[in-house]
Amino acid sequence: MNVRDSDLTARRMRAAGFADAPDEDVADVVIVNSCSVREKAEDKALGKLGLLCAARRSGRRPGLVVGLTGCMANRLAENVFGLVPGLSFSVGPRSGDRIPELVDRCLAGESGLWCPDPEGATAHRAAARSENAAARCAVGDPVSRPPCSYVTILYGCNQRCSYCIVPHVRGSEESRNPRDILAEVREEVRRGARDVCLLGQSVMRYGRAGGFSWPEDIPSPMGFTEPLPRLLEFLAREEPGLTRIRFTSGHPLGVTPELVRAMREIPQVCPHLHLPMQSGSDRILRAMRRGYDRGRYMAAVRALREGVPDIAITTDVIVGYPGETDEDFELTRSAMEEAGFDNAFVFKYSPRPGTASAQLPDDVADEEKRRRDAVLLADQDARGQRINERWVGRVVEVLVEGPSLRNAERWSGRTGQNKIVVFEPPAGVAAGTSVRVKVELARPQTLYGTVVEPQELQPAE
Ligand code: 5AD
Ligand code: SF4
């Protein structure tokens with residue numbers, strides 16, 4: 001989601017006439033996009049902003065404009081200007097369209113501008129005009145790779161998981177209209193995207209929060225009644241340039257028979273789902289207020305595996321939640337094995353201000369959190385290796401992204417399962433085309449193989 005927001009910020013700046021700086025050190029404007037989910041992420045953003053503002057105050061880079069956007073801007077509100085003296089502006093994540101205008105004002109000498117998200121704001125106001133368009137703006141990583149892109153379909157989150165700051169900083173759920181989503185998907189395809197991931201904090205809640213009703217004049221020939229399957233069908237039908245559709249993040253209670261059928265029967269929908277589990281202990285899941293227990297989670301995994309051939313399931317897990325015992329932790333370990341995750345992101349619990357669990361003592365020692373984290377990662381490495389070995393000898397369809405990040409002589413792309421595949425590029429290959437690759441070697445996170453004939457290289461437009 002932050003990659004998407006950073007992409008949008010970069011595009012808005014370019015649309016207002018700003019140019020990319022070759023390097024952050026020579027930029028006239030630096031905008032830090034922040035995340036509040038864990039304290040470490042906030043510390044990093046604050047550290048970065050502090051350095052930039054110090055350079056400005058000391059006179060080394062007197063004209064530098066330093067801005068903050070993302071969740072942290074909402075969480076800290078005006079207080080950020082006390083924490084980061086000299087900060088030029090701070091803007092909430094749903095008001096990103098104001099950034100060019102704020103930059104202009106700061107280039108003209110203003111400072112300390114705070115632009116909160118208005119109640120019920122949507123991210124789509126008319127673009128601001130820029131008079132200072134000659135300034136160069138630092139666009140760093142991470143921005144998405146051309147054939148892959150993201151489109152937000154659901155803002156905010158109405159769930160109240162005990163540990164999570166997202167509903168506090170991103171507001172309540174608001175589903176976007178399918179026609180607006182289609183227009184944005186089309187724009188992404190026009191820019192070269194072939195694989196679009198639909199985003200929502202709890203994406204299966206799409207169309208389920210109050211105030212939304214699916215437009216009656218958009219039919220579902222496949223007979224879907226739920227909003228997310230209908231949206232998947234609608235996008236697949238209306239945008240032929242869209243090769244692949246994904247959505248993230250999932251929730252086990254959203255894994256309905258209809259959604260499973262949509263994943264199986266709509267060819268563009270990828271056999272891949274990110275389904276955060278958080279814990280394998282019923283006691284901890286209850287304390288987290290996740291709304292399911294281990295049995296219910298596993299039922300969702302089974303429904304997906306039975307209904308969607310070759311599906312890859314990935315997850316998020318938190319270690320060291322308040323009161324998590326060794327026994328709870330071992331239950332998480334066994335649940336990860338039972339679910340057979342293709343990949344897992346493990347997070348050390350971090351108390352966040354204003355959340356329910358921040359009232360509880362953060363009683364698992366940091367050293368123990370680190371141990372649990374390392375154990376789960378080692379387990380996942382072994383499991384990833386085992387699962388990926390099943391792909392050796394098979395031919396997979398790879399959407400080409402470009403030179404591999406590690407070794408530019410080899411290229412990489414992804415399968416529908418979101419597995420990274422590294423191969424030697426045949427002549428004429430281009431990002432956004434599809435190649436068939438015979439997998440020869442597996443690693444926990446990557447497959448290696450050779451492009452096989454016959455190739456039908458789809459031209460990249
Ligand atoms: N501490 C640690 N991890 C967290 N996450 C969310 N809030 C916290 C927190 N307070 C993790 C969850 C979520 C992922 C995006 O971040 O696992 O799925
Ligand atoms: Fe946070 Fe829970 Fe909403 Fe996910 S579903 S964003 S963990 S409150």
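**The site of ligand 1 and its setting**

Ala 77 lies in the loop between α3 (71-76) and α4 (80-83); helices (H or I, at least four residues) and strands (E, at least two) are DSSP runs, numbered from the N terminus. Although Ala 77 is not a glycine, its phi is positive, about 45 degrees. This is a predicted model, in which local features need pLDDT of at least 70 and side-chain atom pairs count only at pLDDT 80 or more, while totals for chains, interfaces and linings use all residues; side-chain values use heavy atoms, without hydrogens and water. Residues are numbered from 1 along each chain as its sequence is written, and chains are lettered from A and ligands numbered from 1 in the order in which they are written.

Ser 249 is found in the loop between β10 (244-248) and α9 (257-265).

The protein is divided into domain 1 (2-118), domain 2 (122-389) and domain 3 (395-456), with bounds from an automatic or database domain assignment. Taken over C-alpha atoms, the centres of domain 1 and domain 3 are 37 Å apart.

Now the part in question. A residue is near a molecule if one of its heavy atoms lies within 4 Å of it. The residues around ligand 1 are Val 37, Arg 38, Tyr 163, Gln 278, Asp 316, Ile 318, Phe 347, Lys 348, Tyr 349, Ser 350 and Arg 352. By class, this shell has 5 nonpolar, 2 polar and 4 charged residues. Here Ala, Val, Leu, Ile, Met, Phe, Trp, Tyr, Cys and Pro count as nonpolar, Asp, Glu, Lys and Arg as charged, and the others, Gly among them, as polar.

A polar side-chain atom of Gln 278 lies 2.7 Å from an oxygen atom of ligand 1, and a polar side-chain atom of Asp 316 lies 2.6 Å from an oxygen atom of ligand 1. From Ser 350, a backbone N or O atom lies 2.7 Å from a nitrogen atom of ligand 1. Taken alone, ligand 1 exposes 400 Å², and the protein buries 86% of that (accessible areas come from the Shrake-Rupley method with a 1.4 Å probe). The elements that give two or more residues to the shell are β12 (312-319) and β13 (343-348).

These two strands belong to an open sheet of 3 strands with the order β11-β12-β13 and parallel pairing; two strands pair if DSSP finds at least two bridges between them. β11 (272-274) and β13 are the edge strands, each pairing on one side only. From one strand to the next, the twist averages 10 degrees (axes are lines fitted to C-alpha atoms, and angles run from 0 to 180 degrees between N-to-C directions). β11 and β12 run parallel and are joined by 3 bridges; His 272 has Ala 312 in β12 as its bridge partner.

Notes:
A polar contact is a pair of N or O atoms within 3.5 Å; within protein, one must be able to donate a hydrogen and the other to accept it, and residues adjacent in sequence count only if both atoms are side-chain atoms.
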